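Thank you all for coming. I would like to walk you through one structure this morning, slowly and piece by piece, so please keep it in view while I talk.

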Amino acid sequence: MGKDVIIACDFSSKEKTFEFLDKFTGEKPFVKIGMELFYAEGPGIVKEIKKRGHKIFLDLKLHDIPNTVKKAMAVLSALDVDICNLHASGAVSMMKAAVEGLTRPDGTRPLLIAVTQLTSTDSESLKNDLLINDPMDEVVMHYALNAKKAGLDGVVCSPLEAGKVHEKCGSDFLTVTPGVRFADGEIGDQKRVTTPEKAKEIGSDYIVVGRPITAASDPVAAYRRCIKEFVD
Ligand code: C5P
């Protein structure tokens, strides 16, 4: 599995997304489509971006009873995306059902990764809101192991956790990591950030980069800088 940079296309419409993607004339970046764009435009946006030759991480974070997730995953699989995800808190039975739903009759399927704990959940809300008394890093590693047990391919995590996830779950268990910023860039609302270079050193397999590329004055140059620091 090669390392790659995934651009988070957090746009509210198809027009804004294509205005952005049209800037890339020399390369076809791997893109992440999240809930905002998917709910605004529907599955058509996935098909159109795929037709343009981009790989797609469809970030819809499914979480429901196993049967519902299985059927929804079968629909996403037919869209021919490259990576899908779900919440590991749906438990092992839900994750196993998701793998079954994603698997096509010929045995192929998109990669499936799990969100362990959202980075917006801090230790206090873990304890007080969710009544989980174990420390955050133990919860994250336990959920990652559950995902592996269920047959998933990896997790979404902080680049700072990537090394530990690989230690616990194996080097071929994927770590897909948002929270990436250039050393000389704005941090914005992200709390624990890492540069592309540092993410490579810690062992992330894919970095997910949004605003450092989408809000840059020259997005193509910013994307190439990410590739240079993380992949080359
Ligand atoms: O603009 P920025 O680089 O912060 O974008 C990061 C992307 O990764 C966003 O789409 C955000 O929703 C997503 N993400 C994240 N932290 C997580 C999971 C997803 O930042 N734990």
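This is a predicted model: local features need pLDDT of at least 70, side-chain atom pairs count only at pLDDT 80 or more; totals for chains, interfaces and linings use all residues.

Aspartate 80 is partly exposed, because its relative accessible area is 40%, and on the scale I use, buried means under 20% relative accessible area, exposed over 50% and partly exposed in between, with a 1.4 Å probe and protein chains only. Aspartate 80 sits in the loop between helix 4 and strand 4, and its phi is near 65°, a positive value in a residue other than glycine.

Residues are numbered from 1 along each chain as its sequence is written, and side-chain values use heavy atoms, with hydrogens and water left out.

Leucine 131 also has a positive phi in a residue other than glycine, near 55°, and it is placed in the loop between helix 6 (123-128) and helix 7. Leucine 131 counts as exposed because its relative accessible area is 69%.

Let me turn to the sheet. Helices (H or I, at least four residues) and strands (E, at least two) are DSSP runs, numbered from the N terminus, and two strands pair if DSSP finds at least two bridges between them. In this model eight strands close into a barrel in the order 1-2-3-4-5-6-7-8, and the pairing is parallel. Neighbouring strands of this sheet are turned by 25° against each other on average, direction ignored; the axes behind such angles are lines fitted to C-alpha atoms, for helices over the stretch in contact, and angles run from 0 to 180 degrees between N-to-C directions.

Strand 3 (residues 56-62) pairs with strand 4 (residues 83-87) in the parallel sense over three bridges, and there leucine 58 stands opposite cysteine 84. Helix 3 (residues 43-51) packs on the sheet, where it touches strand 2 (30-34) and strand 3, and its direction makes about 155° with that of strand 3; contact here means heavy atoms within 4.5 Å.

Helix 5 (residues 91-102) can be treated in a similar way. At 1.5 Å a residue, the twelve residues of helix 5 should span 16 Å, and its end C-alpha atoms are 17 Å apart, which agrees. The buried residues of helix 5 include Val92, Met95, Val99 and Leu102, and they pack against strand 3, helix 4 (66-78), strand 4, strand 5 (111-115) and helix 7.

Which residues lie nearest the centre of the largest pocket? They are Thr119, Ser120, Pro178, Gly179 and Gln190, out of 38 residues that line the largest pocket. About 1200 Å³ of space lies in this pocket, a volume being the space filled by probe spheres set on grid points that are joined across faces, edges and corners. On a 1 Å grid over the protein atoms alone, a pocket is an open set of points with protein on both sides within 12 Å along at least five of seven lines, whereas a cavity is a set of points where a 1.4 Å probe fits but cannot get out, and lining residues have an atom within 4 Å of a point. Strand 3 gives the most to the lining of the largest pocket, with three residues.

I will finish with glutamate 201, which is found in helix 9 and counts as exposed because its relative accessibility is 61%. Glutamate 201 and glutamate 48 are 153 residues apart in sequence and 35 Å apart in space, C-alpha to C-alpha.

Key: The expected span of a helix is 1.5 Å times one less than its number of residues.
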